[in-house]
Amino acid sequence: MSRDEIYRRQNLGNATGLGTRCGLLLVDFVEAFMNDELFGALHIREAAYATAPLLEAFRTAKLPIAHTRIVFADDGADCNVFSVKLPGLRALTEGAPMSQIIPDLQPRAGELLVRKTVPSAFFSTSLAAWLRHQSVDTVVVAGCTTSGCVRASVIDAMQWNFRTVVIEDCVGDRAIEPHEANLFDMNQKYADVMLRDRFIDLF
């Protein structure tokens, strides 16, 4: 039996669709993930480039937008197991150039900026409450990496009972294999996965 037959037989991969109001979550599009010597790769840069029209569509529609950054304390006081596993993250402090959101996707007034020290944008942050306050019931996710902070944020969005959409060409990873595997898995269990232009046509 093929992979797709197994998932289909077990009735996975059902679409949740869009609710009544979408909010956009841009995960960790910071300079460090544009740099191959740090955490980046061409695929991530391509995803960032593809995200600019998506961001503009949300701004034009005047829908809620949230951005995330990984930010550790200058003195390392909040270092954690995540930063033990990935020691380079400790350099992503508030003022570090590599911790800044890239110019093309910079937040504007009225858009939420979430600082985090773990993969999920929701863990120990105000993001879920802010989205509820904005009457959002569908979280649309772009960012990096697909297998890391994007996936963690998508699972938590679902656990907060948001319908969740992953924009396939607006998420990226440093290798294509984890990117593709995690898109498949998220689409089966946690989110709807669709291409940017298809989503823009729908919403």
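Modeller: The largest cavity holds about 30 Å³ of space. This is a predicted model: local features need pLDDT of at least 70, side-chain atom pairs count only at pLDDT 80 or more, and totals for chains, interfaces and linings use all residues. Residues are numbered from 1 along each chain as its sequence is written, and side-chain values use heavy atoms, without hydrogens and water.

Biologist: What counts as a cavity here?

Modeller: A set of points on a 1 Å grid over the protein atoms alone, where a 1.4 Å probe fits but cannot get out. The volume is the space filled by probe spheres set on the points.

Biologist: How many of 30 Å³ or more?

Modeller: One.

Biologist: Which residues line the largest cavity?

Modeller: L26, D28, F29, H67, T68, I101 and L105. Lining residues have an atom within 4 Å of a point. The lining has four nonpolar, two polar and one charged.

Biologist: New topic. Is strand β1 buried or exposed?

Modeller: Six of the six residues of β1 (residues 22-27) are buried, so the strand is largely enclosed by the rest of the structure. Buried means under 20% relative accessible area (1.4 Å probe, protein chains only). Strands are DSSP runs of E, at least two residues.

Biologist: Which residues sit on each side?

Modeller: C22, L24 and L26 on one, G23, L25 and V27 on the other.

Biologist: What does β1 pair with?

Modeller: Strand β4 (residues 138-144), parallel, over six bridges. Also strand β2 (residues 65-70), parallel, by three bridges. Pairing takes at least two DSSP bridges.

Biologist: Which residue in β2 partners L24?

Modeller: I65.

Conventions:
1 Å grid on protein atoms, 1.4 Å probe; cavity = no way out; pocket = protein on both sides within 12 Å on 5 of 7 lines; lining within 4 Å. Nonpolar A, V, L, I, M, F, W, Y, C, P; charged D, E, K, R; others polar. Buried < 20%, exposed > 50% of the residue type's maximum accessible area, 1.4 Å probe, protein only. Helix = DSSP H or I, 4+ residues; strand = E, 2+ residues; numbered from the N terminus.
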